[in-house]
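Dear colleague,

Please find below the structure that I am handing over to you. My findings follow directly after it.

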Amino acid sequence: MKVRTRFAPSPTGYMHIGNLRTALYEYLIAKANGGDFILRIEDTDQKRYVEGATDIIYKTLQRVGMNWDEGPDIGGNYGPYIQSERKPLYAEYAHKLVELGGAHYCFCAQKEEEKDVDEDTPEAHTKLKDPCKHIPLEEAKARVAAGETFVVRQNINKKGTSLFHDVVYGDIEIDYDELDEGVLLKSDGLPTYNFANVIDDHLMGITHVVRGNEYISSTPKYNLIYEAFGWEPPVYVHVPPVMKDAQHKLSKRNGDASFQDLVAKGYLPEAILNYIALLGWNPGDKREIFSLQELEKCFSSERLNKSPAIFDITKLTWMNGCYIRNLSAEDFHQLASPYYKDLPQSLDFTALSTVLQPRVETLGQIPTEVAFLAQVPEYSNELYCNKKMKTDVDIAHKALELVLPALNDVTNWNNETLFETLKGIATANEMKNGQILYPVRIALSGQETTPGGATELACVLGKDETMMRIKNAITKLKQ
RNA sequence: GGUCCCAUCGUCUAGUGGUUAGGACGCGGCCCUCUCAAGGCUGCAACACGAGUUCAAAUCUCGUUGGGAUCACCA
């Protein structure tokens, strides 16, 4: 049987990291087994619907290369793929389930008021006893037919314990007494997740269900529905949550980073995807850098972890740095260019990219790294004093006076020539290389550390600006 | 509170009865070096606790502690 998995987000906001990881695992289970990955939109809660959220889901999946084989936009043989468009289907199956004895009609208004009293008393936690369950079926059907408002509630008639197998957690046993007779079809005619999920997964031929482990305790309820219809339940793959810290899940509510937030900060989609793949899964060897295609080849759900993983932005940042360094010079330049927009147009941006590529871990770091190129920051002449370089203000002054005319004579303004020229000055004057290069670098940048060395900065700045900055530095040193 | 689940360096993890408990991030040091990065080498750092089973336990069992989840006309 062909493996079919589905990613079934509800369009309630934007794509957060935990969601994306679930989607990734679903995608990988499908692709590692030559199966299909289906996209389904679960919008049965009209109150939570957010305009444009579906679009963000599409864009995000596309951005990381997780292409779906069937979905609302491209169709497929099992559509529609948006739950609100499947409304009649759920009603039909809900009524059928009642006939089969798996559910009953309930005419009580909202049950809430019974529940929100004494939340902590044992009584409040026992299974809801619904009086409507005892209404004879014919009478209930008549009331439904008469137009009375109703919901369909699940029947939990079994006693004892339910056992099911999960790929990640193994065999799980849950007592039927723990299950409540929840609403399957709401009074607005739309299904709850508990119902829509089962109906759609079956109708769409889903073979593997990947979802958060918070669904473990309600899985027996879904199995009961499958059983009532005489359907085969899917393979369950419950995954632990992605955490912000030891106590809290990563969530939008806390303002934790979403996929798009990270991209906006200059993280590469490929790096984000690679990182989250490893948050709860490992290949069994020492490899850490994976493209989506490589993951498709070696992914195995057996190697999924049971315990929650804390999202560590530091490690993601490192990994992003790896991806940046592995980019071709052209690709990096293209990605970096938008971050150069506040710099003078006279700079050699290709040279700048060369200097920056091994030095930034996120694209967002670029503006602060290069700010000095637009304007030399305020600095003290004390900066010229460096023990290791054996420089002080006097040496720096001397160095710059020597460098200025020599640079003026340089016609071939490139790193190699500049470096040889400056080294030549050091040798000719019996000075250490650093005693020339360090002051030049300070003069050009006005800061202690810079991306790239003195000559590389000179290349980026160009001859005119370099000469200008050295002259200014000399003037400043005379004060 | 009932029920279910989880537990190896700070973090991500390898490990399925016998390992000097391995790797990665981060952190410290050294080398390289025109500063900073990158790269190379290196150091610090973990089996939550207690019983049991066994010649032998991070690994199996039980308990304790700690954490999480769930108990909606949300998903």
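I begin with tyrosine 14, which is partly exposed, as 18 other C-beta atoms lie within 10 Å. On this scale a residue is buried if 20 or more other C-beta atoms lie within 10 Å of its own, exposed if 12 or fewer, and partly exposed in between, with C-beta atoms placed from the backbone. Tyrosine 14 sits in the loop between strand 1 (4–7) and helix 1. Helices (H or I, at least four residues) and strands (E, at least two) are DSSP runs, numbered from the N terminus. Leaving out residues up to four places away in sequence, tyrosine 14 touches Ala53, Ile56, Ser258 and Gln260; two residues are in contact if their C-beta atoms, placed from the backbone, lie within 7 Å. Lysine 252 is 238 residues from tyrosine 14 along the chain, yet their C-alpha atoms are separated by 8.2 Å.

Please note that this is a predicted model, in which local features need pLDDT of at least 70 and side-chain atom pairs count only at pLDDT 80 or more, while totals for chains, interfaces and linings use all residues. Residues are numbered from 1 along each chain as its sequence is written, and chains are lettered from A and ligands numbered from 1 in the order in which they are written.

Overall form

Chain A contains 18 helices and 11 strands. Its C-alpha trace spans about 105 × 50 × 35 Å along the principal axes. The radius of gyration of chain A is 32 Å, whereas a compact globule of 479 residues would have one near 23 Å; the radius is taken over C-alpha atoms, and the globule rule is 2.2 Å times the number of residues to the power 0.38. Of the 479 residues, 35% count as buried. Among contacts between residues at least 6 apart in sequence, 75% join residues at least 24 apart.

The nonpolar cores

The largest nonpolar core has 52 residues, and Leu24, Ile272 and Ile276 have the most contacts inside it. Such a core is a set of buried Ala, Val, Leu, Ile, Met, Phe, Trp, Tyr and Cys residues joined through C-beta atoms within 7 Å. Helix 1 (residues 17–32) gives the most to this core, with 9 residues. Beyond its neighbours within four places in sequence, isoleucine 276 is in contact with Ile17, Leu20, Arg21 and Leu24. Another core lies apart from this one; it has 37 residues, including Leu373, Val403, Ile436 and Ala454.

Lysine 31 also belongs to helix 1. This lysine counts as buried because it has 22 C-beta neighbours inside 10 Å. Apart from residues up to four places away in sequence, lysine 31 touches Phe37 and Glu296.

Helix 12 and helix 13

Two packed helices are described by the angle between their axes and the distance between the axes. Helix 12 (residues 329–336) and helix 13 (residues 349–356) pack at about 105 degrees, with their axes 9 Å apart. Axes are lines fitted to C-alpha atoms, for helices over the stretch in contact, and angles run from 0 to 180 degrees between N-to-C directions. Helix 12 and helix 13 are therefore roughly perpendicular to each other, given that angles under 35 degrees count as roughly parallel, over 145 as roughly antiparallel, 65 to 115 as roughly perpendicular and the rest as oblique. Ala329, Phe332, His333 and Ala336 of helix 12 meet Thr350, Ser353, Thr354 and Leu356 of helix 13.

Alanine 399 is in helix 15 and is buried, with 26 other C-beta atoms within 10 Å. Its contacts, not counting residues up to four places away in sequence, are Gln435, Ile436 and Pro439. Asparagine 415 lies in helix 16 and is partly exposed, with 18 C-beta neighbours inside 10 Å. The C-alpha atoms of asparagine 415 and serine 162 are separated by 73 Å.

Most residues other than glycine have a negative phi. Lysine 390, in the loop between helix 14 (366–374) and helix 15 (393–408), has a positive phi near 55 degrees. Glutamate 430, in the loop between helix 16 (415–428) and helix 17 (433–445), also has a positive phi near 55 degrees. Lysine 390 is partly exposed, with 13 other C-beta atoms within 10 Å, whereas glutamate 430 is exposed, with 7.

With kind regards
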